[in-house]
Amino acid sequence: MSSVREAATRIAETETIDLLFNNAGVMNLPRRRTTPDGFEMTFGTNHLGHFAFNAHIWPAVRRATAPRVITVSATAARWPVGRLDDLMSEQRYRPMGAYAKSKRANIVYTLELARRTAPGPVEALVVHPGSAMTGIQQHGTGALSRLITPIAARLFMGSADGAAWPSLYAATSPQAHSGQFIGPAGRDQTSGTPEPAKLPRGADDPAEGERLWTASEELTGVPFTPGAETAG
């Protein structure tokens, strides 16, 4: 949290942010690890770091005429293991379960941000990139993982460039608007032209958004009131 605050403060004081991308991520850590603040590493990196950074940097976002905040989720957000309970995976840690949980949090957070900034100039959108072979898969373990990964990449995955399309569409298209979930339109939504995607069940529930927001403020110790001129 100290490095997040330090990075954001330098920008928030004087800069203007037209586009803010929340795209830091780790995936499939074989063992439960924690950040220096004691957060489970996947949830701490993929959601809590973004939440705190957005709060600290919000004055720079509010200076823009028509800012957009784009948060990158994943199709894993739809998995049942991604329920937003036991946020720190203290009761049970499953590598991809923690990832799915953090990716659902990306969606729930963004939709709550859209509610809290409406009506207003800020637009908050969430995307998923489909699938592409990038460095984020490096933590997979076992001989089977090493065997399947290259085959899956050729048969089922798109390119890294293609995976960026939903983010670029959300950031630049006049058809994209606050509260949308954007993903590729191809087979199984692994690649293809960006279009609005189906939300995971219950992700647009305002009660879940409120719970996650409150928990994020309590865990990070960073208050975030996006409708105000400045953030805590």
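Start by selecting α7: its buried residues pack against α2 (41-62) and α3 (95-116). Buried means under 20% relative accessible area, with over 50% called exposed and the range in between partly exposed (1.4 Å probe, protein chains only). Packing rests on contacts, meaning heavy atoms within 4.5 Å.

Before going on, note that this is a predicted model: local features need pLDDT of at least 70, side-chain atom pairs count only at pLDDT 80 or more, and totals for chains, interfaces and linings use all residues. Residues are numbered from 1 along each chain as its sequence is written, and side-chain values use heavy atoms, with hydrogens and water left out.

**Whole chain**

Zoom out and colour by secondary structure. The protein has seven helices and five strands. Helices (H or I, at least four residues) and strands (E, at least two) are DSSP runs, numbered from the N terminus. In sequence order the pattern is α-β-α-β-α-β-α-α-α-β-β-α. Of the 232 residues, 46% are buried. Among contacts with a separation of 6 or more, 77% join residues 24 or more positions apart.

**Helix α7**

Go back to residues 206-220. This is α7, with 15 residues. From first C-alpha to last, α7 reaches 21 Å, close to the 21 Å expected at 1.5 Å a residue. That expected span is 1.5 Å times one less than the number of residues.

Show side chains. E208, G209, L212, W213, A215, S216 and T220 are buried in α7. An α-helix has 3.6 residues a turn, so residues three or four places apart point the same way.

Now check both ends. At the N-terminal end, select D205, which caps α7. A side-chain oxygen of D205 lies 3.0 Å from the backbone nitrogen of A207. A polar contact is a pair of N or O atoms within 3.5 Å; within protein, one must be able to donate a hydrogen and the other to accept it, and residues adjacent in sequence count only if both atoms are side-chain atoms. After α7 comes G221, with a positive phi near 75 degrees.

**Aromatic pairs**

Next, show the rings of Phe, Tyr and Trp (its six-membered ring), which pair if their centres lie within 6.5 Å; planes under 30 degrees apart count as stacked, over 60 as edge-to-face and the rest as tilted. The count comes to six aromatic pairs.

Select F51 and F224. Their ring centres are 5.6 Å apart and their planes stand at 80 degrees, so this pair is edge-to-face. F51 lies in α2 and F224 in the segment after α7, so the pair ties together parts 173 residues apart in sequence. F51 is buried, with a relative accessible area of 1%. F224 is buried too, with a relative accessible area of 1%.

Move to Y109 and W213. Here the centres are 5.5 Å apart and the planes at 25 degrees, so the pair is stacked. Y109 sits in α3 and W213 in α7, 104 residues apart. Both are buried.

Ring pairs link F51, W58, Y109, W213 and F224 into a cluster.

**Nonpolar cores**

A nonpolar core is a set of buried Ala, Val, Leu, Ile, Met, Phe, Trp, Tyr and Cys residues joined through side-chain atoms within 4.5 Å. The largest has 38 residues, and I57, V61, L113 and F224 have the most contacts inside it. Elements giving two or more residues are α1 (2-12), α2, α3, β3 (123-127) and α7. α2 gives the most, with 10 residues.

Centre on V61. Not counting residues up to four places away in sequence, V61 touches I17, L20, P67, V69 and V122.

Last stop: a second, separate core of eight residues, including L125, V127, A176 and I182.
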